[in-house]
Each structure stands twice: as structure tokens, then as C-alpha cells.
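Okay, thanks for coming, everyone.

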Amino acid sequence: MPKQVDPEARRREVVDALFRVVVREGLQRASLRNVADEAGLNIGSLRHYFASQQELMRFAMQSMLDRVGARLLERVADMGELGSRPYAEQLRLATGLLAELLPLDERRRAEVTVFLDFNTAARTDPAFADLSRRTAEGARGLVRRVLGRLDATGALRPGLDLDVETERLASLLDGLGLNAVLHPGLLAPEACLDVLTAHLEGLADGGTVGGGVD
């Protein structure tokens with residue numbers, strides 16, 4: 001009797017194989033044949049699920065965004081009602097949430113590496129431009145939401161321009177991710193986290209960051 005294959009599970013295996021190829025050799029080497037070899041499949045089996053490299057790349061990028069999004073939703077749930085928590089704990093939770101976008105471990109390093117290669121390709125390939133833009137908009141939306149919630153509880157200094165601070169923090173995350181992937185010997189995961197923590201603490205209401213909400 002033929003072995004039953006779960007199509008969704010097989011697609012996930014292919015996406016994982018694509019990630020490994022991109023991390024190891026770069027996006028330019030992630031041909032259907034190389035990904036099939038990495039996944040232990042023949043090229044015909046892979047084409048049963050993905051007709052082209054472009055289709056595979058879009059599916060892989062969307063899958064990665066879904067994975068990251070699911071983790072972020074868990075972090076948002078952990079934050080709960082921020083107003084009932086001491087300001088220092090609010091900043092710690094916000095730091096942990098935003099750190100999901102940084103290459104602090106093997107899984108997140110692979111995600112950021114694929115993300116960077118994909119966005120480089122999107123600069124000249126219109127087929128990826130829409131997904132790249134939505135990703136950038138989503139990251140900024142997340143940062144704006146986090147800062148807005150902290151501001152609403154009084155954890156941030158009064159009078160901050162949240163639109164400007166959103167761009168500053170989003171750019172900081174982008175820069176940390178890029179440099180940590182390109183120059184891991186110069187920017188270790190611990191340093192990334194220290195910089196993010198220092199930035200958020202710099203936005204905090206220094207007089208009350210260690211205390212609670214009145």
C-alpha cells in the first residue's frame with residue numbers, strides 16, 4: 001500500500017530545507033534542485049508541491065512570517081494588562097517581545113538571514129516586492145503598538161513623538177539584525193539584547209522605571 005504523505009508536513013520539510021540552504025550558501029544557491037537534495041527528495045517530488053523557485057520562496061517567506069507572528073502573539077499575551085505591572089517589568093516584557101526579531105539563537109539567526117536575503121532579492125524582483133513591503137509595515141506596526149502601550153501606562157517619558165520613536169526603534173532592530181548576521185564576531189547576541197534594553201530604558205520615565213503604577 002503506498003505511503004500516505006501529509007502535504008502540509010512535506011511543505012514544512014521543504015521550507016526547513018530551503019532555510020538551511022540559504023543560511024549555508026545564500027539565496028542564489030536555493031534552486032529547486034538544491035533544495036530537493038537538501039530535503040532528500042527528487043526534483044519531480046518537489047515540483048509536485050512547488051512549480052517554481054519563486055513559488056517556493058514566497059511560500060517559505062510567508063511560512064516564516066507566520067512562525068514569527070505566532071511567537072509574537074504569545075509574547076503579546078504574556079504582556080497582559082501592562083498597567084497593573086511595575087514599569088521595570090513592562091520594559092522587560094517589551095524587550096523580550098521585540099527580541100523575537102533579532103538573531104539571538106540558531107532559529108532566529110536563520111530567520112533573520114533568510115529575511116535579509118529575501119529583501120535583497122525583493123529590491124530588484126517585483127514578484128517579492130509586495131511581501132517585502134508588508135513585512136516592513138508589519139514590523140513597524142508592532143513597534144508602534146509596543147511603544148503605544150508603554151506610553152499609555154506612563155512607562156515612557158512624557159512628550160515623546162511616538163512616530164519618530166517608532167522609526168528609531170525599527171531602524172535599530174534592522175541594524176542590529178543586519179550586523180549580527182553579517183558580523184557575528186563583532187556583535188554577539190548578548191550585545192544585541194543589551195543595546196535593545198538600553199534603548200528602551202532610555203525612553204523610559206527615569207524617575208519611575210523601577211517602581212509601580214500609581
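Let's begin at Thr135, and ask which residues it is in contact with once its neighbours within four places in sequence are left aside. Those are Met61, Leu65 and Phe115, where contact means heavy atoms within 4.5 Å. Thr135 lies in helix α7. When I say helix, I mean a DSSP run of H or I with at least four residues; a strand is a run of E with at least two, and both are numbered from the N terminus. Thr135 counts as buried because its relative accessibility is 10%. The cut-offs there: buried is under 20% relative accessible area, exposed is over 50%, and partly exposed is in between, with a 1.4 Å probe and protein chains only.

Residues are numbered from 1 along each chain as its sequence is written, and side-chain values use heavy atoms, with hydrogens and water left out.

Staying in α7, which spans residues 126-152, we also find Asp130. Asp130 is partly exposed, because its relative accessible area is 35%. Its side chain makes a polar contact of 2.9 Å with the side chain of Arg58. A polar contact is a pair of N or O atoms within 3.5 Å; within protein, one must be able to donate a hydrogen and the other to accept it, and residues adjacent in sequence count only if both atoms are side-chain atoms. Asp130 and Ala30 are 100 residues apart along the chain, and their C-alpha atoms are separated by 21 Å.

Setting aside neighbours within four places in sequence, Val22 is in contact with Leu27, Ala30, Thr113, Val114 and Asp117.

Over to α6, residues 106-122, where Arg108 sits. Arg108 is an arginine that counts as buried, because its relative accessible area is 12%. Not counting residues up to four places away, Arg108 touches Arg71, Ala99, Glu100, Leu102 and Pro103.

Now, helix pairs. Two packed helices are described by the angle between their axes and the distance between the axes. Axes here are lines fitted to C-alpha atoms, for helices over the stretch in contact, and angles run from 0 to 180 degrees between N-to-C directions. α1 packs with α4 (residues 53-79) at about 95°, the axes 10 Å apart. So α1 is roughly perpendicular to α4: that label covers 65 to 115 degrees, while under 35 is roughly parallel, over 145 roughly antiparallel, and the rest oblique. By class, this contact has nine nonpolar, one polar and four charged residues. Nonpolar means Ala, Val, Leu, Ile, Met, Phe, Trp, Tyr, Cys and Pro; charged means Asp, Glu, Lys and Arg; the others, Gly among them, are polar.

What about α8 (residues 162-182) and α9 (residues 189-203)? They pack at about 170°, with axes 10 Å apart, and so α8 is roughly antiparallel to α9. The residues of α8 that meet α9 include Leu169, Leu172 and Leu176, and those on the α9 side include Val195, Leu196 and Leu200. α8 also holds Leu182, which is exposed because its relative accessible area is 52%.

Zooming out, the chain has nine helices and zero strands. Buried residues make up 40% of its 214 residues. The C-alpha atoms fill a box of roughly 65 × 40 × 30 Å along the principal axes.

Last, confidence. pLDDT is the predictor's confidence in each residue, from 0 to 100. The chain's mean is 88, and 92% of residues reach 70 or more. Over residues 207-214, pLDDT is below 50, though this stretch has 17 contacts in the model beyond near neighbours in sequence. Where pLDDT is low, the predicted coordinates should not be read in detail.

Conventions:
This is a predicted model: local features need pLDDT of at least 70, side-chain atom pairs count only at pLDDT 80 or more; totals for chains, interfaces and linings use all residues.
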